[in-house]
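I opened the file to look up a few strands, some ring contacts and the nonpolar cores. My entries follow in the order of looking.

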Amino acid sequence: MAQSNIPLKQNGLQSKDAVSANSKLQDTTKIKPVDSTKSVQDTAKKKGSGLQAEVSIIAVDSQKSEVAKNISHLYRGAKVKYQDFELSADYIRLDRNQKKIFASGIYDKSGKYVGRPIVIMGNGESPKTVDSLYYDYEKQEGNTYGIMTEVDGGFIQANIVRKNIYDEMSIYKGLYSTCNLPQPHTHFGIHISKGIVTKNQIISGPAYLVVMGVPMPVAFPFAFFPKPDKRASGFLFPSFGEDYTRGFSMRDIGWYLAFNDYWDSEIRGSLYSKGSWEASVNTRYTVNYKYNGGFNIRYANTKVGVEGTDNYGSNKDFNVTWNHTQRQEANPGTSFSASVNFGTTSFFQNTGTGSVQNSYENLARNRMGSSISYGKVFADGKVNLTASLTHSQDMATRSIQLSLPNISLNVSSFNPFDSKDRVGEQKWYQRINVGYSFQAQNTVNTADSLLFSSGGFKRFQNGFQHNIPISLSLNAFKYFQFNTSVNYTERWYLQSTRQRIDNTPSGYRQRLDTLQGFNRAYDYSISTGLSTKIYGMYPKIGKIEAIRHVVTPSINLNYRPDFSDPRYGFYQHYNDQYGNRNVYSIFAQGVYGSPSAGKSAGIGFSIDNNIEAKVKSKSDTTDGGFKKIPILQGLTFSGNYNFVADSLKLSPITFSGRTAFFDQKMNVNFNGTFDPYSVDDNGVRINRYAIKDGSLARLTNFGLSFDYSLNPKAAKSRNNNIDSLRKEMSGAGMTPEQAQALARISSDPNAFVDFNIPWNLAASFSFNMSKFFNSSTRRMDNQITSTLNLHGDFSVTPKWKVTFQSGYDFKQKEVVMTSFNIYRDLHCWDMSFGWMPFGRYRSYNVTIRAKASILQDLKLTKRASSGGGYF
């Protein structure tokens, strides 16, 4: 039987020791086994041998036994199992007398080294692939040659590894890097001559640093690397760039703090050459099966103006966010959630997009809002109580609205005249449906600069509202649906207002006084109507087999009294300086408004249209091989005619609809309003129908929007990638850190580039037109806004991706915020270059960052430098 020495290569590391260790390795390309079979199994347990369990062996190809020496040679798909130790390889030599095993791969006819040993130690570790090994299965000790193993997100590769019964590894000529490939991308690595790997640390002898495969003049005579079995604190690497207004930058340098398995924190800072700086604390917490969340506190000091001039100064901004989610199973029937976002209105505009937590959406945002809510379900789910604290902030007007608190109590609708023991169908009166809801609110609406000023909390308005809807729905005349309803609303207020005119030395001034005290206001309305569906079919036209048109008309009669009548006491009046009588509601400032003035008795109407075509389809075999194509969806016209109004009895006619083109790839939405009345020379509506002036109605506003992607496979591929991530999250054996990393990705699918898609180009367009009276030209003019947005990407090579986003504002006649990004997939690392060539946020940014090991096999890389990687 021929024997040969086989030089081994593992992950680019040559080992003379590994060569000598394989001096007795069998070359099966030159073997003709004496005892050959397709599958050979043997189980051995000798009396008095001291073995505690059986040694099971399997060879798919062949087995040769040396009976005198009690040695077995196993070839091709060989497997050996002893207790929890399992080994498979293309060659295994089992020496039962010495209780030792040698295993290796073999060279096939093409000279490729195949069938490397795969080892499972049975202590919960993942299987390991090695070049070869010697193992004493009784002492549970041995040498491993050419191994790569994962150590807390990093990878150790070594020529020789020896592992003892205490789960400690001694390594010789090793490399610690961030890459899991056999030929690693050693952009950052540490060569270790000798070392010991224990449960909690790596103890190294002489070692030196390697970057991009080049040894650096950074060496250590010895070193200790912590290796805890949980998350560890570490340095957060910064990104570098230049900002047009703040100068050169070092962004998001910081430290990661892993307190325990339930919460961690990132402390980051950014420095700019012109004196600006930013700081943030981002903390996350979780309790399995109960709740999770996090909060982020950010502060920015931005220098403005030119140093040495009068306009030089600093803008001090802050932003606070908090989110909290409770699992339903943690406390059935009770819920608690929080979504908080508040701060100075200029924070995002002054800090730009450089920070890892900023985005282009934040720059365009004009409102911030918060909500903290608590919910409780009573009476077998029939009663639902919700209490919340809300905040809304307009960043353009610098106004702020707080509601502390909002309370809502809703009772599920019920049939009070129906019997639980009823037999048969409901009688008409048993169909009467009654509901109840209660709301309470304490709110203030003021400027953000006045909120915490003296007397700020006296500006709060509060109130209570009860609502009782009663409805009845019946089938009428076979084809009609009859509906009638009565709605009663009652409001309780602790304040009311009074208006008057004061004659002051500077002239007449209107005064608004707030009176404290309990007041109640109520209103009610009655409505009854009919609706039906009309189906129309059009004959075959060319390839179109049929066109179906569904019309849903509805008409209702409605009545509401005039609650400004003096007998209700809800409205009062005052005379101005000209003696004119002005009527006002004493509840006009109430949080739930006031009962409406003016009697209403009219007809409401609406017409809804859906049109779709049916064509033959070779690809779609459902519905008899026909495919339905929507032509118009939800084309609706609605309005109201008030019989008792003094004038302008017909309300404006609103319309809306949607459709899709190119096999549903482009969605189109539109809406608008027709005014049936003309206007006078001052732009005021008059009681004269527009049709008398030559037009059916006046189009007062119109909106149109659409979006389209030239490569629909891009969206499909992105969704598939996100689905695969979510499946990975639900897989067994994933650490909490890995699950957290995948959760961050799946929460924002648009933040990633797909290297599988060679190109993508998408566009969206929005158009809005409204009529207004131009006092200078004394005529009605159009106010038009329209914006075209473009975004896309293309792959220069399989590893280089360029993305862009831009657009054009047709009203301002300028290009909107534009950015270009270049990405390089480095497998275990990623690199990005971002550039905003013009505008207020003109800047560039360069980021190079190690990726978490769980992400290295995914064809995704972060679009924004928001990674949490650290060394």
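**Notebook: strands, rings and cores**

I note at the start that this is a predicted model.

I began with strand S22, residues 239-243, and checked which way its side chains point. They alternate: Ser 239, Gly 241 and Asp 243 are buried and point to one face. I then looked for the pairing partner and found strand S23, residues 247-258, which runs antiparallel to S22 and is joined to it by five bridges. For Gly 241, I read off Ser 249 as the bridge partner in S23.

**Entry: aromatic rings**

I searched the whole structure for aromatic pairs and got 31. I followed one cluster, in which ring pairs link Tyr 488, Tyr 493, Tyr 522, Tyr 524, Phe 563, Tyr 568, Phe 570 and Phe 587. I also looked up a charge over a ring: Arg 246 lies over the face of Tyr 272, 4.3 Å from the ring centre.

**Entry: Gln 441**

I placed Gln 441 in strand S32, residues 433-447. Is Gln 441 buried or exposed? Its relative accessible area is 17%, and the cut-off for buried is under 20%, so I list Gln 441 as buried. Leaving out residues up to four places away in sequence, I find that Gln 441 touches Ser 403, Pro 405, Asn 406, Gln 461, Asn 462, Gly 463, Val 591 and Tyr 592. With Ser 403 there is a polar contact between side chains, at 3.2 Å. I also took the C-alpha separation of Gln 441 and Ser 408, which is 8.9 Å for two residues 33 apart along the chain.

**Entry: nonpolar cores**

I turned to the largest nonpolar core, which has 31 residues. Which members touch the most others? They are Leu 87, Ile 92 and Ile 101. Strand S7, residues 85-95, supplies the largest share of this core, five residues. I listed the contacts of Ile 101 beyond four places in sequence: Val 80, Phe 85, Leu 87, Ile 92, Arg 93, Leu 94, Leu 133, Tyr 134, Tyr 135 and Tyr 137. Another core, of 11 residues, lies apart from the largest one. Its members include Phe 570, Tyr 574, Tyr 584 and Tyr 592. Two of these names I had already written down: Phe 570 in the ring cluster, and Tyr 592 among the contacts of Gln 441.

How values were computed. Residues are numbered from 1 along each chain as its sequence is written. This is a predicted model: local features need pLDDT of at least 70, side-chain atom pairs count only at pLDDT 80 or more; totals for chains, interfaces and linings use all residues. Side-chain values use heavy atoms; hydrogens and water are left out. Buried means under 20% relative accessible area, exposed over 50%, partly exposed in between (1.4 Å probe, protein chains only). Helices (H or I, at least four residues) and strands (E, at least two) are DSSP runs, numbered from the N terminus. Two strands pair if DSSP finds at least two bridges between them. Rings of Phe, Tyr and Trp (its six-membered ring) pair if their centres lie within 6.5 Å; planes under 30 degrees apart count as stacked, over 60 as edge-to-face and the rest as tilted. A charge sits over a ring if NZ of Lys or CZ of Arg is within 6 Å of the ring centre and within 35 degrees of the ring normal. Contact means heavy atoms within 4.5 Å. A polar contact is a pair of N or O atoms within 3.5 Å; within protein, one must be able to donate a hydrogen and the other to accept it, and residues adjacent in sequence count only if both atoms are side-chain atoms. A nonpolar core is a set of buried Ala, Val, Leu, Ile, Met, Phe, Trp, Tyr and Cys residues joined through side-chain atoms within 4.5 Å.
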